Amino acid sequence: MKKLIPILFVVAVLAACQKEPSLSKLDDDYVVFTDYDKSADFGEYLTYYMPDSVLLITNNEKATYWTNEDADYILETFADNMAARGFTLVDSKEDADLGLQVSYIEDVRYFVDYPNDYWWWGYPGYWGPGYWGSYWNSWYYPYPVVYSYSVNSFLAELVDLTNKNSSNRRLTILWDSYMAGLKSGSPRLNRNLIIQAIDQSFVQSPYLTNQ
């Protein structure tokens, strides 16, 4: 995670010196960063719930969701990877040990530094803590999170839904994956690149298993 800022800063500088990206580089793999709660024992979790759409993080006040065929492929790729790690997808978040939420950052360019309690504070969407249950009032990252967002970026977060009786009433983020890359004019290429990035985020997260 600490390498994220200098890497993306160099990319930004290079991009500023070049009006149009080289077409030969549009098929480059996504950059994938993952982090997790070092104190978490993923073997204690059996089930998870995942919304049936991808949340679009934009500058618009109204929340929008990605529900087309490409979004289905993305969610299915997450489901396949979670199943391979021994986790079972359930139909109700009330019956789940974990919640998996996937967001797409659409044309939003700003810098975010969290370890504060509130995730996407001020942005529309139903994935505030209340979406997972009325007993939650905030997010909690037990590790520092620093991101620089750009066009064509995806974010996946795995939240703990088992500590409903916790006195602090905060929703713990156990694992997150940030995936970013160039957006080409080919929808099929864009879809293939994000699917590869999702697979890579699990490859570099061997601890994420209950087997």
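Ala-40 is found in the loop that runs between strand S1 (31–36) and strand S2 (47–49). The model described here is predicted. Ala-40 counts as buried because its relative accessibility is 18%, under the 20% cut-off for that class. Its C-alpha atom is separated by 9.6 Å from that of Leu-208, a residue 168 residues apart from Ala-40 along the chain.

## Helix H2

Helix H2 covers residues 69–84, 16 residues in total. After H2 comes Gly-86, which has a positive phi near 95 degrees.

The buried residues of H2 include Ala-71, Ile-74, Leu-75, Phe-78 and Met-82. An α-helix has 3.6 residues a turn, so residues three or four places apart point the same way.

## Salt bridges

How many salt bridges does a search of the whole structure find? The search finds 2, and they are listed below.

| Salt bridge | N to O distance |
|---|---|
| Asp-35 with Lys-38 | 3.0 Å |
| Asp-70 with Arg-191 | 3.4 Å |

Asp-70 belongs to helix H2 and Arg-191 to helix H4 (residues 187–203), so this pair ties together parts that are 121 residues apart in sequence. Arg-191 counts as buried because its relative accessibility is 17%. In the other pair, Asp-35 is buried at 11% relative accessibility, whereas Lys-38 is exposed, with a relative accessible area of 57%.

In soluble globular proteins, nonpolar side chains tend to be buried together. The largest nonpolar core here has 33 residues, and Phe-78 and Met-179 have the most contacts inside it. Among the elements that each supply at least two residues of this core are H2, H4, strand S6 (98–105) and strand S11 (170–180). H2 provides the largest share, 6 residues.

Leaving aside residues up to four places away in sequence, Met-179 touches Phe-78, Phe-154, Ile-194 and Ile-198, among others. A second, separate core has 22 residues, including Leu-55, Ile-57, Trp-139 and Tyr-178.

How values were computed. Residues are numbered from 1 along each chain as its sequence is written. This is a predicted model: local features need pLDDT of at least 70, side-chain atom pairs count only at pLDDT 80 or more; totals for chains, interfaces and linings use all residues. Side-chain values use heavy atoms; hydrogens and water are left out. Helices (H or I, at least four residues) and strands (E, at least two) are DSSP runs, numbered from the N terminus. The expected span of a helix is 1.5 Å times one less than its number of residues. Buried means under 20% relative accessible area, exposed over 50%, partly exposed in between (1.4 Å probe, protein chains only). A salt bridge is a side-chain nitrogen of Lys or Arg within 4 Å of a carboxyl oxygen of Asp or Glu. A nonpolar core is a set of buried Ala, Val, Leu, Ile, Met, Phe, Trp, Tyr and Cys residues joined through side-chain atoms within 4.5 Å. Contact means heavy atoms within 4.5 Å.
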